[in-house]
Each structure stands twice: as structure tokens, then as C-alpha cells.
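Please open the structure in your viewer and keep the sequence beside it. The tour below moves from one selection to the next and says what can be found at each stop.

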Amino acid sequence: MIQVEHLSKTYGSTQAIEDIHFSVDQGEIMGFLGPNGAGKTTTMRILAGYLPATGGTAKIADYDVHQQSMQVRRRVGYLPENPPLYPDMTVEGFLHFVAQIKGVKKSDRSSKVDSAIQRCQLVERRKDIIRKLSKGYRQRVGIAQAIVHEPPVIILDEPTVGLDPRQIIEVRNLIKSLAGEHTIILSTHILPEVSMTCDRVTIVNRGKVVATNTPSLLMTQFKGSSGYEVEIEGETDIAIACLQEISGVNTVEIDNTKSHLPANRTVFQISCIKEAELGKEIAATIVQQGLGLLEMRRVSLSLEDIFLELTTEESTGEKDREINN
């Protein structure tokens, strides 16, 4: 449904995005994940026809975003980070206006507006003035205007930013309910949004794609970077010294979050080189030093760990880690 190849955008001498590439299948929710300033919004604006690209191509439903812009816009619903609302209009009036400017036939407008209101759970607010709504409801109105013409593709840029926890859950469930009938790109820097909402993840950093796959396969891909959590009874300095001497151990750190432990007990987080299986060596070393091994478990990287690893690398050391299913 969406194909992006070698997409680039420069603002004067500033390279906002460079050689961006990804694809999104029909009915899929793809998370476009990256830190602030990574180029997420620029990419979303190009896909929505809001900005021209400097180089590369982007196609939506086989239509070129640049060369066939009007065809693309008819097939895209776009929610920018700040919803484009008219605060002095009612919810229902605003959605009728949006349906009109998006080319919905007059005979179909009422039914499509009613459908958008129901799907976004705005039935009790349809007559309310938009400026009197809470931020969560305004966000719902923003999503409603993006889907009122029933586009096959929906682009959501930071749809839960600034919402409270309950509003985030409500908007997240709304987005998930749109999958299947719509292909969705969800741009965000909030990791739970990706892991709980998206079928696929593309991670960008400094304007470049650094990884793309399903969340579970990304974690499998990086499992070689996992480590161990051990609880030890004995002298902390001795434990650190002996563990650091094990070949393949990168770091040994005290887990200060485990403050409830009895005296003389410490939990350590041990990171290892990739592909290293050091469980036996770690256990044997602890016992040989006369320390008490109370608990030990393998710790795999979370999506947050992978995100931090990929987005804190220096640009000279970045490499594309794309995996195709």
C-alpha cells in the first residue's frame, strides 16, 4: 500500500532525512519511531503531500506522492501533531465541512460523518463547540477528520502527545480498531505506543532508517546483546572484581532499584558481548569466590533497549539493520 524509496529532504544546508526507505502492507499499522528531531514529521508531511521531497520516491496505493499529488490526497487521512481544528465550530459541523472539502458526495456526507463520530466515540459530543472539549476529545475530533472520507491510508503524527494515561489508552484502542480497513502509519517517540499498537516498526535516527521489522523480531535480532541479572550475598567489591574478569563480560553494574534487599545482598546487572552465553561461567565464578548466588536470570533486550542502542550510536557507526520477513 505504501512504498518509500531513497526519500530525502534538505532545508538549505540541513539534511532533515536521507535515503529513507520502508514499506507498509495493506491493513497494517506501522510505527515510525525515533527521537525528537529524527525526521519523523518531515517524512509524514511528505507522504501527506504537505511538503515536496528533495529526492527519492514515495507511492501510496501505486500513486506517486509528487507526480500524482491529488490522487494521493484523496486516499490519505492526515492527523498532524497539532490537530487542524476550527475551535468555534461544533464537532458535527466541522466534520461536515471537512467531508465537503475532501470531496465526499453531498448524498454521502451525513452517513460518513455519522460513521466517523461513532468510530471515534464522539456521539455525546457531536453538538459541542470544539474549543470547549478536553484535549483528549479534541484529539478524537482530529482523528475523525482524518477518517471522515474513509481513506485507505491514515497518517498519524504523535497522536497521543500531551494526553493523560486514560486518554492515551482510549486513543490507542481507537487506532487499533481502525486497522484492517485502513493502512496506518503512526509516528511517535513514545515506545509503549509502538509495542502495544503496531504490527511493524521502522526506527529512524538522524534522518536515516536504522532498523525495520516487527517488534518481536527486532528483539530476536538483538538478543545477542542481552545479559544477566544476579542477586549475590557477600562483599560487593569482591563480586564486581571477579565478575569483571570473566572473558566476554562488558559491564557489571549495581541495580540501585532493589533497595528493599537485606544487608549484604546486592543485585547486579551484567551485560555481555554479543552471542556470548556466560551463565555457567558467571555462576561458577560467584561460587568459587565464596559468594552466595541467590538468584540468576537471563535478561533480554526490550524494545526500549533496542531503541536506545540504535539511536545513541554515533553517525559514523550507524548501519542499516533492516530485516525482511
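Does Q145 count as buried or exposed? At 5% relative accessibility, Q145 counts as buried, a word that means under 20% relative accessible area with a 1.4 Å probe and protein chains only, while exposed means over 50% and partly exposed lies in between.

Before going further, note that this is a predicted model, in which local features need pLDDT of at least 70 and side-chain atom pairs count only at pLDDT 80 or more, while totals for chains, interfaces and linings use all residues. Residues are numbered from 1 along each chain as its sequence is written, and side-chain values use heavy atoms, with hydrogens and water left out.

**Around Q145**

Select helix α5 (residues 135-147), where Q145 lies; helices (H or I, at least four residues) and strands (E, at least two) are DSSP runs, numbered from the N terminus. Leaving out residues up to four places away in sequence, Q145 touches Y78, L79, P84, F94, L95, V98 and K102, where contact means heavy atoms within 4.5 Å. Next show the side chain of Q145, which reaches the backbone oxygen of Y78 at 3.0 Å.

**The surface by Y86**

Now select Y86, in the loop between β6 (76-79) and α3 (91-101). Y86 counts as partly exposed because its relative accessibility is 45%.

Move to strand β1 (residues 2-11), which holds K9. K9 is buried yet has no salt bridge, and D64, the nearest side chain of opposite charge, is 14 Å away; a salt bridge is a side-chain nitrogen of Lys or Arg within 4 Å of a carboxyl oxygen of Asp or Glu, and by charge Lys and Arg count as positive and Asp and Glu as negative, with His and the chain ends not counted. Beyond its neighbours within four places in sequence, K9 is in contact with residues including T14, T42, I46 and P52.

**Helix α1**

Select helix α1 (residues 40-47), which is largely enclosed by the rest of the structure because six of its eight residues are buried. Those buried residues are K40, T42, T43, M44, I46 and L47. Just after α1, G49 takes a positive phi of about 85°.

**The whole protein**

Finally, zoom out to the protein, whose secondary structure comes to eleven helices and 14 strands. Of its 325 residues, 48% count as buried.

Technical notes: A polar contact is a pair of N or O atoms within 3.5 Å; within protein, one must be able to donate a hydrogen and the other to accept it, and residues adjacent in sequence count only if both atoms are side-chain atoms.
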